[in-house]
Amino acid sequence: MSDPAMQKWADLVSLGTANAMTGLSQMIGQAIEVREFALEQVPVASISQHVGGAEAQSVGIYLTVTGAADGHLMLIYEPRIAFAFVDLLMMQAPDTTTEMTPMAASALGEMGNVIGAFFLNAIADATGLSLRPSPPTVMTDMAGALLDVVTADILLYSDDTYLADTTFATADRDISGAFFVIPSQGLLDAILSNQIASAA
Amino acid sequence: MTTTATTEKRSPLGTALSLGEWAVSADADAVLACVGLGSCVAVTMHDPVAKVGGMAHMVLPDSTAGRSPAAGAKFVDVAIPLLLEELQGRGALVRRLRVCLAGGAQMLQNSSGAMQIGQRNGDAAHQQLAARSLSVSAESLGGTRGRTMRLAIGTGRVTVTVPGEQEIEL
């Protein structure tokens, strides 16, 4: 990806992430502060190193995207971060959730719904593309195994991908976590070609 | 000596191969590993007489389907011939090779068709091995859980672990 294209994608992901945080904030009824946002070009083979290593037990929230472009998004968290979200979403005291119960999975699925819809809406508004998220799938497994769901598709086209890493927190409790957006190549291509066309 | 496609990463748990990496070794103390296999398939080949073995972490079944470089062991149809050739170069014989496969899980429960990469990776591995007169001695393929596979070069011992379950020997 050229630098201008990279900048466009960074701007869009930043916009989408800010909007996703707005959605999440509305969902939990608390302000969420985005403390850090970074978009990195990384080799696909090394993505798992950004989420605690390939063997680390992780929670993935996966959504497919349909509409003007097909693609998929994955949010991936260490379990303690995912459980902290569950406590926040269910208005429970911190550290109440310690394992992936059906209720916890359902809460994370709802979070995926909100983040996915708000993220894609922001990108749709900026590009004019119609993009719709599927219902999310919540999975618990080793990070490497979860990431295979998105990386296999990316590796068909490229050895590198773009990893958006957002750190955020709420004011009233100690919770912060990384928010990864891993787009498929198809989605990236459609968004960027549209952006570049509309900018030309 | 261990030949890897990339920089060697030694840890107490062995040389971990990332997606698309492969390694061949005659070092009796070496342990090769593919950690966190989901839809990816790992193949191990070990010749107990030549005391040499190798492993590849394969991601996709067919190099002709994509438009990215087919270097390394990313594609099953490239990785298996590559691994075999390297082992034969180190004195391994096809008839002596013990071949094992692991991985190929379906991480998404309701995926279908082209999305079933795990199943397609496993099928492609079987085809590529059969085309070279290699039979699979043992395998742990399919299902819906991630796996870690290890090959100890000195003994030829192959193990598969699934988090929360007991290690199995292939």
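Two residues are in contact if their C-beta atoms, placed from the backbone, lie within 7 Å. With that in hand, welcome to a set of close-ups of a predicted model.

**View 1. Where chain A meets chain B.** In this predicted model, 25 residues of chain A are in contact with 25 residues of chain B. On the chain A side, β2 (57–67), β5 (137–142) and α4 (143–155) each supply at least two of the residues that touch chain B. Which element of chain A gives the most to this side? It is α4(A), with nine residues. Sorted by class, the side of chain A that touches chain B holds 14 nonpolar, seven polar and four charged residues. For the model as a whole, the scores are ipTM 0.85 and pTM 0.87.

**View 2. Chain A from end to end.** Five helices and seven strands make up the secondary structure of chain A. Follow the chain from its N terminus and the elements come in the order α-β-β-β-α-α-β-β-α-β-β-α. Of the 200 residues in chain A, 48% are buried. Take the contacts in chain A between residues at least 6 apart in sequence: 71% of them join residues at least 24 apart.

View 3. Helix α2 of chain A covers residues 79–89. Which of its residues are buried? Here you can pick out A82(A), F83(A), A84(A), F85(A), V86(A) and L88(A), which are buried. Just after α2(A) comes M91(A), whose phi is positive, at about 55°.

**View 4. The largest nonpolar core.** This core has 116 residues. The members that touch the most other members are L108(A) from chain A, together with A42(B), V43(B), M55(B), M58(B), A79(B) and L83(B) from chain B. Helix α3 of chain A (residues 102–127) contributes the largest share of the core, 11 residues.

**View 5. A closer look at L83(B).** Here is one of the core members that touch the most others. Leaving aside residues up to four places away in sequence, what does L83(B) touch? Its partners are W22(B), V24(B), V43(B), M45(B), G54(B) and A56(B). V43(B) is also listed among the core members with the most touches.

**View 6. Confidence along chain B.** The average pLDDT of chain B is 89, and 85% of the residues score at least 70. Over residues 6–12 of chain B, by contrast, the pLDDT is below 50. Beyond near neighbours in sequence, this stretch has seven contacts in the model.

Notes
Residues numbered from 1 in each chain as written. Chains lettered and ligands numbered in written order. Predicted model: local features only at pLDDT ≥ 70, side-chain atom pairs only at ≥ 80, totals over all residues. Helix = DSSP H or I, 4+ residues; strand = E, 2+ residues; numbered from the N terminus. Nonpolar A, V, L, I, M, F, W, Y, C, P; charged D, E, K, R; others polar. Buried ≥ 20, exposed ≤ 12 C-beta atoms within 10 Å, placed from the backbone. Core = buried A, V, L, I, M, F, W, Y, C linked by C-beta atoms within 7 Å. pLDDT = per-residue confidence, 0-100.
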